[in-house]
Amino acid sequence: MYPAEPVTETEELAQIEQSALRDVSSASTLDDLAAARVRHTGRRSRLAEILGSIGSLAAVRRGEVGRAANLARRAIESALDARQKALDEEELGARLAEDAADVTLPGDPHPIGALHLVHQIRLEIEDIFLALGYEIADGPEVETGYHNFTALNMPEGHPARSLTDTFFVDGHPDRALRSQTSPVQIRVLERRDPPVYVIAPGAVYRRDDVDATHSPMFHQLEGLAVDRDLTMAHLKGTLLHLVRELIGDHEVRLHPDFFPFTEPSVQVQVRWADRHGTARWLELLGAGMVDPNVLRACDVDPERWQGFAFGAGLDRLAMVRHGVPDLRLLFESDLRFLEQFR
Ligand code: PHE
């Protein structure tokens, strides 16, 4: 282990120190250094052996050998400690370098959201009517039977009130999720005197989930105008304007229909080319002249005031506006679909 056969302990200690310092400075890892520490200062090292044998040396030599051994030990230990510190720092530096965030890499993208298509169309239509001088009205989604039906000229026993169409609130036979936005007509006329020009967009609920093309919740947009001398011509002009603003120049026609709360009632249809380019009349919304019974229920004198009302499916309008082929796409929350309408 040691080069030349030493003559005295003192000389041997000098060799031990030299060899230990060489090993310490060449240890390139903490493991190497730990091994060197055991080899040169451990219980079974030559240094430990010499230190342990001092007591049995001739008394005249004890001082000299003891001093030399302790100096050698201190020199080796301080070299070990210094090297240990250097290697610790080196290792920490390496770990930091490895774990460090590379600030030049691109970050995690946080995609910017957008309004849902149905919300967008609502805002568009609100703008169109606000420009015509309409106001936006609102009403509760849990309605009374009176507002959702009775005041709208649908007395008890009317088929639209039947349990199969409407969600009633358990234990409250007179409370139901509104099945249309038309009760907002009543709420507005109860609160204020004509002239009244309002629209009321919102969610409505029907037990329409008979098949996958129907949803138990959808969106409508109600319109109500009550003023002096309003006629069907005003109704048609208003809705034609809506159609033109929304989808451009299309032919619009009024087709006879029936609603309990309008008389006469019409279905507004628009000439529409489907995906295959085939033109047909597409039902866009229901409308009509406000039935005198509705005005009377709200203490409005039908001899003095006339009105028209309309109710459109917002989801339907969004489909027509954007050429969406299937209603279900609106509610599946598939980003591949929704992202096309930012
Ligand atoms: N409330 C009717 C419906 O849900 C639509 C409508 C509203 C018709 C206003 C006429 C007047 O089908």
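Author: A polar contact is a pair of N or O atoms within 3.5 Å. The model is predicted, with local features needing pLDDT of at least 70 and side-chain atom pairs pLDDT 80 or more, while totals for chains, interfaces and linings use all residues. Residues are numbered from 1 along each chain as its sequence is written, and side-chain values use heavy atoms, without hydrogens and water.

Reader: Which residue's side chain has an N or O atom 2.9 Å from a nitrogen atom of the ligand?
Author: Arg206 places a polar side-chain atom 2.8 Å from an oxygen atom of the ligand, and the side chain of Gln220 has an N or O atom 2.9 Å from a ligand oxygen. For the ligand nitrogen, the side chain at 2.9 Å belongs to Ser182.

Reader: How much of the ligand's exposed area does the protein bury?
Author: Ser182 is one of the residues that come nearest to the ligand, in a shell of 14 residues (a heavy atom within 4 Å). Taken alone, the ligand exposes 330 Å² (Shrake-Rupley, 1.4 Å probe), and the share buried by the protein is 90%.

Reader: Which strand gives the most to the shell around the ligand?
Author: Strands S6 (217–227), S9 (279–290) and S10 (306–313), as DSSP runs of at least two residues, each supply at least two residues of this shell. With 3 residues, the strand that gives the most is S10.

Reader: What separates the centres of domain 1 and domain 2?
Author: The domain assignment, automatic or from a database, gives domain 1 as 9–98 and domain 2 as 117–341. Taken over C-alpha atoms, the separation of their centres is 93 Å.

How values were computed: Polar contact = N/O pair within 3.5 Å; in protein donor to acceptor, adjacent residues only side chain to side chain. Helix = DSSP H or I, 4+ residues; strand = E, 2+ residues; numbered from the N terminus.
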